[in-house]
Amino acid sequence: KAGRLLTQEDLLDEVTGKGRDPNALPRMTPEEIENTAVHEAGHALARCLSSTKGKDIAFVSIVPRANGTLGFVMFAPSEKQSVTRAEYIEHLEIALAGRAAEEIRFGPDGISGGAFSDLKYATEKAQHMISQLGLGPNGSLVWTDTLTAAQLEETEKLLSEVYSSIKTKLRKNQSTLMTLAEALKQRQELTGT
């Protein structure tokens, strides 16, 4: 349509759902841009602190998408079929790292509601670990698709422990977190490298 050769950026824009018309994308205030940069930097840094060392990060963006997404970290697909309990815990940490980064930077009252999909993912993953995989903290081997009150409490406990753990890790690396957030604010999109 533009009357030019296709570029790698065109392909990346298509894969990541980036709109072609900047006027059609959701607008963000400077505060929202900073919040989103800190949030996505948290996810990316948590992945760098995980067993993958961030080598599987393909792309990080704080450019809003037409579907309402304000930012995201895209990971290269894994060929791994089996996931260990330790890896599940890492997945939970990465999911909660955006919210943890916001809390570190802005305090408890400055956390945005932008982590709703992260919380949904983490809750579902933790419940699956506890109720169907036998990987919960209590080690129960009972499979169920209807969680008991005790399993819901166990889910809350697991998520609280994981959140505390990733918050501690991000605090220890706070200067790197803020450097990454600033780079995202300035450049809007970064490759995994």
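At what angle do helix α3 and helix α4 pack, and how far apart are their axes? In this predicted model, helix α3 spans residues 85–106 and helix α4 spans residues 116–131. The two helices pack at an angle of about 160 degrees, and their axes lie 9 Å apart. Because angles over 145 degrees count as roughly antiparallel, α3 and α4 are assigned to that class. The crossing of this pair is left-handed.

On the α3 side, the contact with α4 is formed by Arg85, Tyr88, Ile89, His91, Leu92, Ala95, Leu96 and Arg99. Helix α4 contributes Asp118, Leu119, Tyr121, Ala122, Lys125, Ala126 and Met129. By class, the residues of this contact comprise 10 nonpolar, one polar and four charged.

Helix α3 also packs with helix α2, which covers residues 30–48. The axes of α2 and α3 come within 7 Å and cross at roughly 135 degrees, and the arrangement of α2 relative to α3 is therefore oblique. The crossing of α2 with α3 is right-handed.

The α2 residues in this contact are Glu34, Asn35, Val38, His39, Gly42, His43, Ala46 and Arg47. Their counterparts on α3 are Glu93, Ile94, Ala95, Ala97, Gly98, Arg99, Ala101, Glu102, Arg105 and Phe106. The contact between α2 and α3 divides into seven nonpolar, five polar and six charged residues. Ala95 and Arg99 of α3 take part in the contact with α4 and also in the contact with α2.

How values were computed: Residues are numbered from 1 along each chain as its sequence is written. This is a predicted model: local features need pLDDT of at least 70, side-chain atom pairs count only at pLDDT 80 or more; totals for chains, interfaces and linings use all residues. Side-chain values use heavy atoms; hydrogens and water are left out. Axes are lines fitted to C-alpha atoms, for helices over the stretch in contact, and angles run from 0 to 180 degrees between N-to-C directions. Helices (H or I, at least four residues) and strands (E, at least two) are DSSP runs, numbered from the N terminus. Angles under 35 degrees count as roughly parallel, over 145 as roughly antiparallel, 65 to 115 as roughly perpendicular and the rest as oblique. A crossing is left-handed if the near helix is turned anticlockwise from the far one by less than a right angle, and right-handed if clockwise. Contact means heavy atoms within 4.5 Å. Ala, Val, Leu, Ile, Met, Phe, Trp, Tyr, Cys and Pro count as nonpolar, Asp, Glu, Lys and Arg as charged, and the others, Gly among them, as polar.
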